Amino acid sequence: MPAKHVLRAQALLLVTLGVLAGSSANAEPVVFARHLSLSPAGQTLAFSWAGDIWTVSIAGGAARRLTVHPGHDSRPVWLRDGRRLAFTSNHDGGNKLYTISWNGQDQKRILASEVGALRWDLTGGKLFYLKGGVPNSCTAEGSDAKAHAYQAKLVIDLPAEAAQKFDDAARALGRGFYHPTMKGLDWPALTAQYRALALETRTVNEFNEVFNMLLGELNASHLGIHGGAPRDSRTSEDVGYLGCEFDADHPGPGLKVTAVTPQSPADRKESKLVPGDTIVTVNRQPVGPDSPLDQALIDTVGEQIVIAYIPAPQRAPPSSLPAEPAEDAADPTSDGAAQQTRELVIRPTSSGAFSNLVYDEWVADNRRYTEQKTAGRVGYCHVRSMGTPSFDVFERDLYAAAHGKDGLIIDVRNNGGGWTADWMLAVLSVRRHACTIPRGGTRGYPQDRLIFYSWTKPATMMCNQYSYSNAEIISHAFKNLGRGPLVGMTTFGAVISTGAYRLIDGAYVRMPFRGWYTLPDGVDMENHGAVPDILVPLTPQDEVAGRRPQLDAAIEATLEQLPPADE
């Protein structure tokens, strides 16, 4: 790119990337555009912003959005004819390679593998990219894809690199952070103070710790510096999970089962354990109060292991033959009398898979509890996160759990956030303008005419201190729009739209670029959580005792919105 174009492009990036296409009265300024690419004729600038690809004239003015995807589109580069652009997008899983016309038409996926760092060769005939850290190339149509052997020595001046990283990251935050006054801080003075500390560090982890201290001065969420340090390919041990809960007061030997998670390894027909069973060995290794089960289950995920256990008294014999004692099994009795043990083969599951099973059981139990307490009049849905997969589950469960009900409880407690609050509002805010009655049918409305399945009946939303980000936005909206009562505890207060800024060594610093404010009062949702209409704490004592005061309050609030059952 010629020097004059570089200077002009920088000016556009920082000052006049101006207004977006659309109504000028509601246009939003572009304050943190990325991945600048000038067309071959030098007349049009392509860039990525807010997850999409845009173009704008080099003279400034309204920008044109080329892509509209639920994922993140980035790194546009012009083809040499100036009529198409290549870019990466993760809307279909991973950063795949796409091309699109200059006017936003005729989008094509040309490579299905994950790629990054797009660059044309000097002739414009080959597009080079990184795939798994290895240079590759292909044509503009995606053909002739090949890897290129590459090896080079790199000498890094570590103090100079640390200085460049610090200055780059601090400068980017000063320009892109959502709050125009940096929350009233003297940002240049603070950066100078922490820069002196950062340049004394000797490792990437030390550098990141100092820079995170600087970020802490902002007292904001969605911040942090990550990466840059070489990582061991394995940083933790994989521990298997059986799906059992154990009696903490059981003195031993062994571990006495008190509960089994549905669908877990211990709930399968071929490897079933029941409350009252006592596990004494895992692969001949004793387990008990002084012999941790976790240690015996290291590196057992998906592997067949042998468990010796003392069956619960209510268990039937496994066959007509007497059970044989397992070798080396721990003595299950306090008086030393021998008891018979049984063995079974089981495949432990992973931590993540077990967490999903526990979550599914918790949701199903809350749904049963709600229906029992309301004689089937109120449904219950939990939204685990504010992303597409969880929204799909919410929409599915909305019909399964609420169809035919008079009221609905929507639970966003323990929800880490995402971006689908407006989708949920589209479900909950539909206003009926008509009804339909087919011949011989009943009054209703054709659901296939709606973008999403809708809920127009009374509703209550639950939130707590572990509802973050977009889960807080939906909580604020539900309350402020008067859709129904909000029940639980005040949300965390961590609401900023965030992106990321890449640094020279591959590290990145998170970039909160857009604040969220309530209407009509204009309160910054950052540091100001959604306050429920009905505040109800949930204490550890409640959880141990199996009490559900927040859900009970939500049930009561929903029933109060309904007419008597006999009407």
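Me: Where do D365 and R368 sit relative to each other in helix α6?
Reply: In helix α6 (residues 351–373), D365 and R368 are three residues apart, which means that about one helical turn separates them; helices here are DSSP runs of H or I with at least four residues, and strands are E runs of at least two, numbered from the N terminus. This is a predicted model, in which local features need pLDDT of at least 70 and side-chain atom pairs pLDDT 80 or more, while totals for chains, interfaces and linings use all residues. Residues are numbered from 1 along each chain as its sequence is written, and side-chain values use heavy atoms, without hydrogens and water.

Me: And what do D365 and R368 form?
Reply: D365 forms a salt bridge with R368, their closest N and O atoms lying 3.4 Å apart (a Lys or Arg side-chain nitrogen within 4 Å of an Asp or Glu carboxyl oxygen).

Me: How many salt bridges does the whole structure have?
Reply: A search of the whole structure finds 19 salt bridges. One of them joins the side chains of D406 and R377, at 3.0 Å from N to O. That pair links distant parts of the chain, 29 residues apart, with D406 in the loop between α7 and β22 and R377 in the loop between α6 and β21 (378–382).

Me: Is R377 buried or exposed?
Reply: R377 counts as buried, at 16% relative accessibility, whereas D406 is partly exposed, at 31% (buried is under 20% relative accessible area, exposed over 50%, partly exposed in between, with a 1.4 Å probe and protein chains only).

Me: Which residues are linked in a network of salt bridges?
Reply: R84, D106 and K108 are linked in such a network.
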